[in-house]
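Please read them alongside the sequence and the model.

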Amino acid sequence: MKLLRWGERGREKPGVLDAAGGLRDLSAVVPDITGSTLAELREFDAIERLPRVPGEPRIGACVGGIGKFICIGLNYADHAAETGQPIPTEPVVFFKATSAVTGPNDDLVLPPGSQKVDWEVELGVVIGRHVVGADEHTARAAIAGYCVINDLSERAWQLERGGQWVKGKSADGFGPIGPWLVTADNVPDPAALRLWLEIDGRRFQDSSTAQMVFKPAYLVSYLSQFMSLQPGDVISTGTPPGVGLGQKPPVYLRAGQQIRLGIEGLGEQTQRVVASR
Ligand code: ZN
């Protein structure tokens with residue numbers, strides 16, 4: 001299934017795509033697509049009986065009420081090289097504030113005082129079951145599905161202001177998630193998906209999740225050794241080469257530009273970059 005959330009920000013309703021790609025309203029089945037309703041939807045198979053949603057509503061983040069937004073850094077060997085860092089021997093784990101979460105096509109408002117806002121297309125993993133201390137097999141079964149994430153950053157705040165990366169990763173709007181949560185049964189191999197990102201039509205990132213150092217099930221197992229994961233937690237699994245910081249000289253986002261990104265089978269996002277307001 002391709003699950004999504006549609007409607008005004010903060011008042012999104014649950015939806016699902018039908019076989020023809022049309023949007024259907026899931027409101028009569030679950031109140032929202034969140035950690036607590038993902039399990040109920042696992043067996044749902046009456047999509048064609050749901051009412052159609054007219055028009056083209058705004059699309060929200062594909063999962064609501066996210067408890068943890070965990071990110072993995074330097075998880076593509078060639079991206080690590082691009083940033084001048086060694087390939088990590090263990091996953092590099094950091095957090096992004098959940099207040100950064102936004103819809104896949106919402107405007108990216110540059111945060112006041114920002115100068116080095118950068119892009120990162122990433123495969124998102126959505127947890128579907130409580131998991132702790134899990135082996136890889138159990139971890140794989142705990143994955144509800146996958147989605148597209150743009151892990152936006154303010155590089156000066158991330159790298160030039162001391163402390164942890166979280167400061168540069170957490171501004172409002174720095175976490176577009178969606179359009180769809182594609183359930184795991186529809187993603188036979190999450191480590192074989194093409195992913196790409198363009199700014200104003202110029203392709204900066206173009207790779208495959210096959211290049212990941214640590215694959216999704218391993219990451220879930222690894223994280224579960226240190227903390228329990230709950231349904232609705234999201235893990236952003238790292239980005240391939242081609243970020244703005246890696247350009248020579250570096251390039252960063254400016255108001256008026258348009259970002260497009262996508263992952264094979266998981267849909268596309270488009271964000272217009274607008275000045276601080
Ligand atoms: Zn990232």
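**Notes on packing and cysteines**

1. L266 is in contact (heavy atoms within 4.5 Å) with L123, Y146, C147, V148, P179, W180, V182, V187 and L193, leaving aside its neighbours within four places in sequence. This is a predicted model, in which local features need pLDDT of at least 70 and side-chain atom pairs count only at pLDDT 80 or more, while totals for chains, interfaces and linings use all residues. Residues are numbered from 1 along each chain as its sequence is written, and side-chain values use heavy atoms, with hydrogens and water left out.

2. The largest nonpolar core has 49 residues, and V220, I235, L253, I259 and L266 touch the most other members. A nonpolar core is a set of buried Ala, Val, Leu, Ile, Met, Phe, Trp, Tyr and Cys residues joined through side-chain atoms within 4.5 Å. Buried means under 20% relative accessible area (1.4 Å probe, protein chains only).

3. Elements that each supply at least two residues of this core include β1 (2-6), β9 (121-127), α5 (216-223) and β17 (258-263). The largest share, four residues, comes from β9. Helices (H or I, at least four residues) and strands (E, at least two) are DSSP runs, numbered from the N terminus.

4. A second, separate core holds 27 residues, among them M1, L26, L38 and V126.

5. There are zero disulfides in the structure, a disulfide being a pair of cysteine sulfur atoms within 2.5 Å. For C71, the nearest cysteine sulfur belongs to C147 and is 11 Å away. C71 is buried, at 0% relative accessible area.

6. C147 is also in no disulfide; the nearest cysteine sulfur, that of C62, is 4.1 Å away. C147 is buried, with a relative accessible area of 0%.

Conventions:
Buried < 20%, exposed > 50% of the residue type's maximum accessible area, 1.4 Å probe, protein only.
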